[in-house]
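Hi,

Here is the model I said I would pass on. Have a look at it first, and then read my notes below.

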Amino acid sequence: MIKRQDKNFLDKSRENKSRKFYSDEEIEELLNERIQTEKEKWEEENEEKLQKEQEKAERFASLPENERRQAELDENVKVFEDEKKQYMLEKMEFETAKLLSEEELPVSFARLLAGEDIKECRNNVNLFKEEFTKELEANLNSRLRGRTPMTNSIVENNDPFLAGFGN
């Protein structure tokens with residue numbers, strides 16, 4: 001008779017047989033392949049960035065001094081506006097998460113409900129709360145609602161217990 005511990009040992013040994021074990025050379029080869037692919041990917045990304053920077057420098061070099069300054073200023077303003085937009089988006093997402101938390105609603109919906117400003121976020125959260133509550137109640141009611149018990153419409157008088165009550 002096999003004891004429980006022996007059976008667990010047999011199960012584990014079967015699992016170990018199905019696993020593949022790698023030698024040090026195989027592991028090193030796999031790691032080198034992975035490093036090489038990541039290095040190539042990194043070099044490709046950096047090459048694209050470098051080309052863009054070179055094109056930008058060539059474009060600016062061909063412009064007169066005042067136009068070059070204006071182009072650089074315009075580019076800096078564009079970068080600033082993009083960063084500001086990203087910051088505001090993250091801020092509104094955070095504020096929406098706070099509102100959802102206060103209303104005891106799932107915070108995971110913050111990204112979907114975030115708006116342009118706090119007023120829009122509040123409106124989105126309130127609308128979401130109404131709809132979420134309605135759906136939750138409907139789902140809960142449908143789960144709690146049972147079926148009506150089936151009754152036998154024909155009552156037979158053959159039951160000795162019922163006969164004792166004297167129909």
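What follows is a short tour, from the overall fold down to single residues.

First, the ground rules: this is a predicted model, so local features need pLDDT of at least 70 and side-chain atom pairs count only at pLDDT 80 or more, while totals for chains, interfaces and linings use all residues. Residues are numbered from 1 along each chain as its sequence is written, and side-chain values use heavy atoms, with hydrogens and water left out.

On confidence, the protein chain averages a pLDDT (the predictor's confidence in each residue, from 0 to 100) of 84, and 83% of the residues score at least 70. Where pLDDT is low, the predicted coordinates should not be read in detail.

The fold has 6 helices and 0 strands; helices (H or I, at least four residues) and strands (E, at least two) are DSSP runs, numbered from the N terminus. Buried residues (under 20% relative accessible area; exposed is over 50%, partly exposed in between, with a 1.4 Å probe and protein chains only) make up 8% of the 167 residues. Of the contacts (heavy atoms within 4.5 Å) between residues at least 6 apart in sequence, 24% join residues at least 24 apart.

Helix H2 (residues 24-61) packs against H3 at about 145 degrees, with the axes 9 Å apart. Axes here are lines fitted to C-alpha atoms, for helices over the stretch in contact, and angles run from 0 to 180 degrees between N-to-C directions. Lys56, Arg59 and Phe60 in H2 meet Arg68, Ala71, Glu72 and Glu75 in H3. That makes 2 nonpolar, no polar and 5 charged residues, counting Ala, Val, Leu, Ile, Met, Phe, Trp, Tyr, Cys and Pro as nonpolar, Asp, Glu, Lys and Arg as charged, and the others, Gly among them, as polar.

Leaving out residues up to four places away in sequence, Leu100 touches Leu105, Pro106, Val107, Phe109, Ala110, Leu113, Val125 and Phe128.

Thr96 also sits in H3 and is buried, at 0% relative accessible area. Its side chain reaches the backbone oxygen of Met92 at 2.7 Å. Beyond its neighbours within four places in sequence, Thr96 is in contact with Ala110, Leu113, Ala114, Cys121 and Val125.

Two loop residues are worth a click. Glu104, in the loop between H3 and H4, has a positive phi of about 60 degrees although it is not a glycine. Most residues other than glycine have a negative phi. Glu104 is exposed, with a relative accessible area of 74%. Glu116, in the loop between H4 and H5, counts as exposed too, at 67%. Glu116 and Leu89 are 27 residues apart in sequence and 7.5 Å apart in space, C-alpha to C-alpha.

Cheers

Key:
A polar contact is a pair of N or O atoms within 3.5 Å; within protein, one must be able to donate a hydrogen and the other to accept it, and residues adjacent in sequence count only if both atoms are side-chain atoms.
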